[in-house]
Amino acid sequence: MALNGRRPEACSSQSPLLEHSTVDGSEDHEGLPAKRATSGGWRSAYFIIGSEVAERSAYSGIEANLINYLTGPLGQSTAMAAKNVNTWFGTTTLLPLLGAFVADSYVGRYRTILIASLLYILALGLLTMSATLSMLNPLDFQQNQKVMPSSSPSQLQVILFFLSLYLVAGAEGGHKPCTQAFGADQFDGKDPKESKAKSSYFNWLNFSLSIGLSVGVVTLSYIQDNLNWVVGFGIPCIILVVALLIFLGGTKTYRYSTIKREENNAFSRISKVFVKAAWNWRLSSSSEKAIEEGVQGTLSHQCSPQFKFLNKALLGPKFSEEGGKASSINEVEEAKGILRLFPIWSTCLIYATVLAQSSTFFTKQGTTMDRSIGLCFDVPSASLKSIIPIISVLVIPIYDLVFVPIATIFTRNPSGITMLQRVGIGMFMSTISMAIAALVEMKRLKIAQEHGLVDMPNAIIPMRIWWLVPQYVLFGLSYVFAYIGLQEFFYDQVPNELRSIGISLSISISGMGSFLSSFLIYFLEKITGEGQDSWFNDNLNKAHLDYFYWLLFGLNALGLVTYVYFASSYIYNRSVL
């Protein structure tokens, strides 16, 4: 993508030296063919990773402790706050589908990142402003860390808070998929050395992000719990300014994709395949026979056996009522490749529903437990979420430097295991984590009952918060295997022009999982009652989160079995596994 509007010059096919010194489909910041020696690679990825680390630390400072802000200064019930967190998080992780489409089809990834960063800074500025409104009531400001505020928040504060919160979601929609895909674009998949580096890029990107998440969760949640929310929301705004400056620092080193300039982009090609197949849905027996003979004959080595109904798009004006040009075999195979992704995508949704609990009920459980260290320090309950990225920081180097080389000896796969095998291992770990979470909650409820604390919602249960650590550890291991595996899988298995959308598809799994979590909470509230018998009673000592966790354990186990069925028959689009 030329920043100065210049068109890239064509590479001479007669000069082998020029072909080896430039990267096909990429240009530099001046619009000239990108030179391999002076652009892209790790030199560019470091800027992108640094920017993304700063952004993740800012985002985590908002997301990790959000439920405590909703139940505290905004005075919402636990169930309502959990639904609001899940709805917002779901929106945040679904909007990347829109942002990626706009970036891949019209604006470009670099410009989308710039626009999203500016919107991000504006949103966090407004969020900080909404928190300052509590200072207008001195009593509220002094007591804003209590379970409930001393008075109801003003309507202006609530409106400004949710407006800024969803502006953050909009900024995330453009920033997250494009940053991750733009970083991967800095490595040429056709070059053996850079192709291997690209596989490691996703591991080390998440390694670095985990550090940012850990720092953000621990420091910002402590500030929010022990100082005030104004500073706790203001620091992320400053961090986003730093993130933008870091990203701009690498502008002259980046490789910008030129593939999107093709008039017949991948989104258009794939859409036309479905349209043509629909137009040719009702065919005469002779035309169906023509397709069958073509597939079994000269096309047999190119056409996959799945989704045969899309082969009808191969028909041209001779058979088609539409009278348009027939789709090519490659275009039909691209469309089949996209369809093959959706069984994988859908069977991972319950896994994402499980992960949503770390930002909601896990955090609320922690507030009821003994969080003291020494005589004068209490561990913020939201800070336990930092265990997930800490485990990632510890495990990712071991995975990339030890596990992969050893596994490669046995599997002959350069990545050690296939991407889908990696995801399956992570889903299994998340299933076990819910069983442990249910057992820990059963123990917490038993201790509350034994000490006569059932009717005392603000009492501290004599049970150390460290009992929650095992479920967070398993979440961290699950992240290393499943979440990173899904990122690489969806990026790799879509056409080159749609790789931002590929990243956004992996992100959207988390979004849909959060929406499913909200739906389950709403549905179960209606069934179990919204009063004293509710599974999600505001008094967690009377609630039954253990029942909810056992339900998620069963659903996740069922989802894992379904996932294994579809993953075992998946046909990869490339030779890469």
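This is a predicted model: local features need pLDDT of at least 70, side-chain atom pairs count only at pLDDT 80 or more; totals for chains, interfaces and linings use all residues.
One is strand E2 (residues 33-35), which runs antiparallel to E1 and is joined to it by two bridges. Glu-27 has Pro-33 of E2 as its bridge partner. Together E1 and E2 make a hairpin, with five residues between the strands. In that turn sits Gly-31, whose phi is positive, at about 85 degrees. The other partner is strand E3 (residues 256-257), again antiparallel to E1 and again held by two bridges. Here Ser-26 pairs up with Ser-257 of E3.

Turning to the helices, H16 (residues 419-450) packs against H17 (residues 469-492), with the axes 8 Å apart and an angle of about 155 degrees between them. Angles over 145 degrees count as roughly antiparallel, so H16 is roughly antiparallel to H17. The crossing of H16 past H17 is left-handed. As for what meets in this contact, there are 21 nonpolar residues, six polar ones and three charged ones.

H17 also turns up around a cavity: it is among the elements that give two or more residues to the lining of the largest cavity, along with others including H2, H4, H7 and H8. The structure has one cavity of 30 Å³ or more, and the largest cavity holds about 530 Å³ of space. Its lining counts 29 residues, and nearest the centre lie Glu-63, Phe-89, Lys-385, Tyr-479 and Tyr-483. By type, the lining splits into 14 nonpolar, 11 polar and four charged residues.

How values were computed
Residues are numbered from 1 along each chain as its sequence is written. Side-chain values use heavy atoms; hydrogens and water are left out. Two strands pair if DSSP finds at least two bridges between them. Helices (H or I, at least four residues) and strands (E, at least two) are DSSP runs, numbered from the N terminus. Axes are lines fitted to C-alpha atoms, for helices over the stretch in contact, and angles run from 0 to 180 degrees between N-to-C directions. Angles under 35 degrees count as roughly parallel, over 145 as roughly antiparallel, 65 to 115 as roughly perpendicular and the rest as oblique. A crossing is left-handed if the near helix is turned anticlockwise from the far one by less than a right angle, and right-handed if clockwise. Ala, Val, Leu, Ile, Met, Phe, Trp, Tyr, Cys and Pro count as nonpolar, Asp, Glu, Lys and Arg as charged, and the others, Gly among them, as polar. On a 1 Å grid over the protein atoms alone, a cavity is a set of points where a 1.4 Å probe fits but cannot get out, and a pocket is an open set with protein on both sides within 12 Å along at least five of seven lines; lining residues have an atom within 4 Å of a point. Grid points are joined across faces, edges and corners, and a volume is the space filled by probe spheres set on the points.
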